[in-house]
Amino acid sequence: MDEVIQVTQWLSSITPRKKAKLFFSTTHADAPSPMVGSNDVDTHEETQLPLATTVALHNFKNIDEFLKKKVNTFSCYNVIENEITKTDYEYLRFYSACKYLDVVPPFLDLEKISAIQNKFEMTDEERDYRLLLDSADLVLEKVCDSLKPAGVSQMWTALRKDRNLIRGVKTIDIIGFFVDPNPTGIKECLFFFIVRFLQKADKINRVNTDRLERLIAQCDESSSCEEGKTIDFIIDSLRFYPTELYPFGFCLIMCVIEGRDGAMQEIEKTMEISRHLGMITHTEKNPTKETIELVKKELMKPKYQFYSSFTRWFMSHGDSHSMVLADGETIDREWLLTSFPDISTFQLKPKVFFMVSCRGANKFSLKGDEFEGQSATCDYYDIGSALIRNRMLDITDSVRDISYVQPMMDTLVAYSTILDHLSGRANTHGSIYVDRACVLMSENISRGRSMTEILEHFSQDLHEILQETMDEDRIVYKQACHYDSFFRKTLKLPYTRHPKEDVHSAPQ
């Protein structure tokens with residue numbers, strides 16, 4: 001069959017709502033960089049003009065033309081073996097969006113997709129199409145689904161009132177002031193236009209969504225929300241780090257085995273919980289400085305930009321300022337913390353670092369006969385509060401900036417003990433901290449708990465456990481853990497473990 005006819009038949013089989021969502025997912029706002037050919041198109045025209053004309057004319061002709069052009073580009077594209085190109089990235093995004101929406105073109109060349117995945121050096125686990133979906137876009141899609149056409153129309157009216165923001169933007173004028181969002185698919189096009197416009201104007205990104213939240217807050221709840229949804233519910237959904245679908249993120253486990261009884265148990269437990277949470281996991285046993293540098297270099301590869309979060313466990317001996325590596329060398333703890341958050345592939349994404357080691361020799365000792373022989377180590381802010389806001393300092397948009405981010409932002413560092421104190425171990429099972437952390441995270445899957453809620457519960461749980469030193473003094477003591485958080489959103493554990501699909505070299 002002629003390819004033109006195939007493309008026409010494929011487009012005619014897609015509903016207007018799915019066309020809008022496919023366009024939105026395909027014109028993703030934050031493509032990985034550096035990319036060969038990443039500056040060869042006017043992305044403003046490419047992402048906003050088709051949406052604007054569709055809303056204004058109630059006609060999907062321009063979106064259809066955009067999708068046809070994409071398909072034709074991919075059909076003629078020859079996958080080269082050297083640099084990763086912008087088209088490589090777009091091809092993977094297009095395929096994953098089609099798979100997600102169940103509209104994969106029957107004529108799409110899956111062998112090219114496999115070849116592109118080879119260029120990204122993707123493992124079998126990483127060839128799951130869900131990794132390629134942008135979790136932030138999925139959250140925004142759900143926000144759109146929670147709003148009625150009237151709600152999106154009210155957001156548009158509120159946006160149009162911000163003259164400083166919309167001044168001189170031609171696509172705004174194309175749509176006009178009054179919009180009828182009721183025809184099928186028009187609500188989605190208008191909402192996605194608002195989102196992409198705010199992103200291009202540097203007003204929102206995957207972490208900073210306050211400007212979008214304020215537009216939603218101005219909607220009338222009775223007429224703007226779908227059944228069972230509220231304005232507060234919709235806004236709350238934007239205050240979590242976007243970690244939708246599988247995988248939950250990438251987990252790096254680094255563990256010094258030499259001279260640490262039970263270290264293999266620590267590795268097994270952390271691997272089990274990370275996989276249970278739906279993470280793709282890599283383990284480094286007995287890391288050295290050279291190992292750490294190689295791992296950092298690996299994490300800079302473009303494929304890691306597809307992940308929505310990063311978790312690292314580092315387990316070794318240590319003191320107040322350093323951690324001991326497998327070759328006996330020490331590494332500054334502060335350097336180990338500050339060097340990983342600066343990796344560009346995980347910018348604006350949650351990063352959780354578990355630092356499991358002693359930080360000194362002090363201990364919170366318990367004295368008294370009742371403790372002898374007892375030890376576990378033998379084997380908001382309310383947007384609607386206008387009255388309050390009117391009394392506060394007026395922070396205008398002109399003095400806000402989301403473009404520059406301090407590297408430690410969106411990072412949480414969890415310590416197994418407080419400064420200058422011991423971190424307890426069991427003779428055969430390794431770190432008590434690792435054991436309890438894995439148990440509590442496993443228990444809280446499906447409960448909708450956040451990482452910080454679990455760590456607070458964990459702090460209570462760990463501090464109840466009586467431990468005993470392994471020297472001849474046999475001192476009974478308690479351990480206190482803590483965390484430092486630079487999070488700007490809430491990181492929730494997944495409600496269910498997302499199973500890995502049966503995927504191989506070529507997507508099915």
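**Aromatic contacts in a predicted model**

**View 1. Phe310, a buried residue of the predicted model.** The relative accessibility of Phe310 is 1%, and Phe310 therefore counts as buried. Phe250, at 5% relative accessibility, likewise counts as buried.

**View 2. The Tyr89–Phe306 pair.** The structure contains 24 aromatic pairs. One of them joins Tyr89 and Phe306, whose ring centres lie 5.9 Å apart with the planes at 15°; the pair is therefore stacked. Tyr89 belongs to helix H5 (residues 86–101), whereas Phe306 occupies the loop between helix H17 (289–299) and strand E3 (310–315), so that the pair links distant parts of the chain, 217 residues apart. Tyr89 and Phe306 are both buried.

**View 3. The Phe250–Phe310 pair.** The rings of Phe250 and Phe310 are stacked, with 6.3 Å from centre to centre and 10° between the planes. Because Phe250 lies in strand E1 (residues 249–255) and Phe310 in strand E3, the pair ties together parts that are 60 residues apart in sequence.

**View 4. An aromatic cluster and an arginine over one of its rings.** A single aromatic cluster is formed by Phe250, Tyr304, Tyr307, Phe310, Phe340, Phe346 and Phe353. Arg312 lies over the face of Phe353, 4.4 Å from the ring centre.

**View 5. Arg359 and Tyr415, with the annotated segment 410–443.** Arg359 is placed over the face of Tyr415, at 4.2 Å from the ring centre. UniProt, in an unreviewed entry, lists residues 410–443 as "domain: Caspase family p10". Across residues 410–443, the chain is 35% helix and 26% strand, and the end C-alpha atoms are separated by 25 Å.

Technical notes:
Residues numbered from 1 in each chain as written. Predicted model: local features only at pLDDT ≥ 70, side-chain atom pairs only at ≥ 80, totals over all residues. Heavy atoms only, no water. UniProt positions renumbered as here; feature names shortened; annotations may be inferred. Helix = DSSP H or I, 4+ residues; strand = E, 2+ residues; numbered from the N terminus. Phe/Tyr/Trp six-rings, centres within 6.5 Å; stacked < 30°, edge-to-face > 60°. Buried < 20%, exposed > 50% of the residue type's maximum accessible area, 1.4 Å probe, protein only. Lys NZ or Arg CZ within 6 Å of the ring centre and 35° of its normal.
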